[in-house]
Amino acid sequence: MAENLPKLAAPLTPLLPRLELDPAAASSLNGAKTAAEGILRLEAAGLRNEAARLAAHALPKREAVWWGCMCARAVPDPSLPAADIAALAAAEAWVRQPGDDALRRAAMEAAQRTGFRSPEAWAAVGAFWSSGSMAPVGQPEVPPPDHLTGVAISGGVVLAAVRVRPERAQDRLARFLASAREIAAGGAGRIPVEEG
């Protein structure tokens, strides 16, 4: 199955330092060559949080942000503030036009109005950290370190997994990982919205 996931075909070894795995989790990856193989092995070992972190770092940035959006949408929060809804819309707008720097900056502006407490906010931050400059317009460019989008998206995915009904986290992570695999295969990765 891992061979049918071209967007998770990144070599595993360069991604490992980003994951900060404990020795048991790291040993479950022995022999894995690609991120796709690593995700499958971590999930098989019952390490879904770690598998989700790896997926967030391994997916191309645009796809990672989209995945973060899909995870947020899958677990709605009836009390979600309007600012967080706007952050999600801004992240999705950037995914649709990733070359538009104004949309990338708008995603961060929307995230800054949220308090950074929701998966929607972190999807927007992931969009901002994907490319361009982190400095204000007109200032010398400060490119974001390559791993920051993965950091934002992995945090947002974990927040979505524990939102409202945290006892459902492991089941949600299984659905989220299925979505990541669908996105990696070229699909939309939409996740049915959880009810009650």
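## Glu194 and its surroundings

Leaving aside residues up to four places away in sequence, Glu194 touches Ala74, Val75, Pro76, Arg168, Arg172 and Arg175. Everything described here comes from a predicted model, so please read each distance and angle as a property of that model.

Let us stay with this glutamate for a moment. Glu194 sits in the segment after α10. Is Glu194 buried or exposed? With a relative accessible area of 15%, Glu194 is buried, because buried here means under 20%. Two arginines among its neighbours also meet its side chain through polar contacts. The side chain of Arg172 makes a polar contact of 2.5 Å with that of Glu194, and the side chain of Arg168 makes one of 2.9 Å.

### Salt bridges

How many salt bridges does the structure hold? There are 12 in the structure. As a general point, side chains of opposite charge can pair when their charged atoms come close.

| Pair | N to O distance | Accessibility of each partner |
| Lys7 and Glu63 | 3.0 Å | Lys7 30%, Glu63 12% |
| Arg18 and Asp146 | 3.1 Å | Arg18 28%, Asp146 48% |
| Arg165 and Glu167 | 2.6 Å | Arg165 32%, Glu167 55% |

Lys7 and Glu63 form a salt bridge at 3.0 Å. This pair links distant parts of the chain, with Lys7 in the segment before α1 and Glu63 in helix α5, 56 residues apart. Lys7 is partly exposed, whereas Glu63 is buried.

The salt bridge between Arg18 and Asp146 has its closest N and O atoms 3.1 Å apart. Arg18 belongs to helix α1 and Asp146 to the loop between α8 and α9, so this pair ties together parts that are 128 residues apart in sequence. Arg18 is partly exposed at 28%, and Asp146 is partly exposed at 48%.

Arg165 counts as partly exposed, while Glu167 is exposed. Now for the network promised above: salt bridges that share partners join Arg168, Arg172, Arg175 and Glu194 together.

### A closer look at Asp146

Where does Asp146 lie? Its place is the loop between α8 and α9. Not counting residues up to four places away in sequence, Asp146 touches Arg18 and Lys61. The side chains of Asp146 and Arg18 are also joined by a polar contact of 3.1 Å. For a sense of scale, the C-alpha atoms of Asp146 and Ala188 are separated by 24 Å, the two residues being 42 apart along the chain.

In soluble globular proteins, nonpolar side chains tend to be buried together. Here, the largest nonpolar core has 60 residues, and Leu8, Leu54, Leu59, Val65, Trp67, Val157 and Phe176 touch the most other members. Helices that each supply at least two residues of this core include α3 (35-44), α4 (48-58), α6 (82-96), α9 (148-162) and α10 (169-184). Which helix gives the largest share? That is α5, with nine residues.

Setting aside residues up to four places away in sequence, Phe176 touches Trp67, Cys71, Ala74, Val75, Val157, Ala160, Ala161 and Ile191.

### Two positive phi angles

Most residues other than glycine have a negative phi. Glu20 has a positive phi of about 50 degrees although it is not a glycine, and its place is in the loop between α1 (16-19) and α2 (23-27). With a relative accessible area of 71%, Glu20 is exposed. Phe116 has a positive phi near 60 degrees, and Phe116 too is a residue other than glycine. Phe116 lies in the loop between α7 and α8, and at 31% relative accessibility it counts as partly exposed.

Note on methods:
Residues numbered from 1 in each chain as written. Predicted model: local features only at pLDDT ≥ 70, side-chain atom pairs only at ≥ 80, totals over all residues. Heavy atoms only, no water. Core = buried A, V, L, I, M, F, W, Y, C linked by side-chain atoms within 4.5 Å. Buried < 20%, exposed > 50% of the residue type's maximum accessible area, 1.4 Å probe, protein only. Helix = DSSP H or I, 4+ residues; strand = E, 2+ residues; numbered from the N terminus. Contact = heavy atoms within 4.5 Å. Polar contact = N/O pair within 3.5 Å; in protein donor to acceptor, adjacent residues only side chain to side chain. Salt bridge = Lys/Arg side-chain N within 4 Å of Asp/Glu carboxyl O.
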